[in-house]
Amino acid sequence: MTFKLVSILVAVTLSATVAAEPPARVEKQGQASKTKIEATVAGHLSGLNGKYKLRASEVTYAPGGFIGPHHHAGPGVRCVTAGELTYIQPDRTTIYRQGDCFFESGDVSHTAKNETGKPVVLLNFEVLPVDWSAGSAIPVPK
């Protein structure tokens with residue numbers, strides 16, 4: 001009986017996996033990210049140890065570059081090191097300039113773009129699940 005139940009569960013899981021659509025992607029153009037460092041959390045915050053990592057990335061937006069509406073897999077701080085970033089949220093638009101830093105909780109839809117003729121460069125510091133290997137931008141949940 002147990003073997004039959006396991007066989008049915010495996011068959012259902014495999015058919016659901018095969019039938020599933022590929023994951024949606026966030027639209028972007030002229031935006032590139034380079035991971036600078038990743039480190040697994042370890043220390044006095046024992047509830048986080050081994051479960052999360054800190055990732056620091058350098059993100060560059062070419063003139064006219066953008067990333068469409070998205071969320072993030074985890075929260076983080078963004079610091080503009082060059083240029084001027086237009087940051088659009090549902091209730092407001094903010095221009096961040098060189099030297100400005102801001103926090104993203106990860107669960108608020110936003111778009112970012114470079115509306116200038118010079119590159120925009122950000123340092124992104126974010127907390128992610130330790131096994132997360134992809135970029136942190138994820139499609140806005142429906």
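Does T111 count as buried or exposed at its relative accessibility? In this predicted model, T111 has a relative accessibility of 17% and therefore counts as buried, the cut-off for that class being under 20%. The residue belongs to strand β7. Apart from neighbours within four places in sequence, T111 is in contact with I67, G68 and P69, and also with T86, Y87 and I88.

**Contacts of Y87 and the nonpolar core**

Y87, one of the contacts of T111, has its own set of partners. With neighbours within four places in sequence left aside, these are R92, T93, T94, Y96, F102, E104, H110, T111 and A112. Y87 is also a member of the largest nonpolar core, which has twelve residues. In soluble globular proteins, nonpolar side chains tend to be buried together.

**The disulfide**

The model contains one disulfide. It joins C79 to C101, with an S to S distance of 2.2 Å. C79 lies in strand β3 (residues 76–82) and C101 in strand β6 (residues 101–104), so the pair ties together parts that are 22 residues apart in sequence. The torsion about the S-S bond of C79 and C101 is about 115 degrees, and the disulfide is therefore right-handed.

| Residue | Relative accessibility | Class |
|---|---|---|
| C79 | 15% | buried |
| C101 | 47% | partly exposed |
| T111 | 17% | buried |

**The largest pocket**

The largest pocket holds about 600 Å³ of space. It is lined by 33 residues, and those closest to its centre are K28, I67, G135, S136 and A137. Two or more lining residues come from each of β1 (28–40), β2, β4, β6, β7 (110–113), β8 and β9 (137–138). Strand β2 gives the most to the lining, with seven residues. By residue class, the lining comprises 16 nonpolar, eleven polar and six charged residues.

Note on methods. Residues are numbered from 1 along each chain as its sequence is written. This is a predicted model: local features need pLDDT of at least 70, side-chain atom pairs count only at pLDDT 80 or more; totals for chains, interfaces and linings use all residues. Side-chain values use heavy atoms; hydrogens and water are left out. A disulfide is a pair of cysteine sulfur atoms within 2.5 Å. Helices (H or I, at least four residues) and strands (E, at least two) are DSSP runs, numbered from the N terminus. Buried means under 20% relative accessible area, exposed over 50%, partly exposed in between (1.4 Å probe, protein chains only). A nonpolar core is a set of buried Ala, Val, Leu, Ile, Met, Phe, Trp, Tyr and Cys residues joined through side-chain atoms within 4.5 Å. Contact means heavy atoms within 4.5 Å. On a 1 Å grid over the protein atoms alone, a cavity is a set of points where a 1.4 Å probe fits but cannot get out, and a pocket is an open set with protein on both sides within 12 Å along at least five of seven lines; lining residues have an atom within 4 Å of a point. Grid points are joined across faces, edges and corners, and a volume is the space filled by probe spheres set on the points. Ala, Val, Leu, Ile, Met, Phe, Trp, Tyr, Cys and Pro count as nonpolar, Asp, Glu, Lys and Arg as charged, and the others, Gly among them, as polar.
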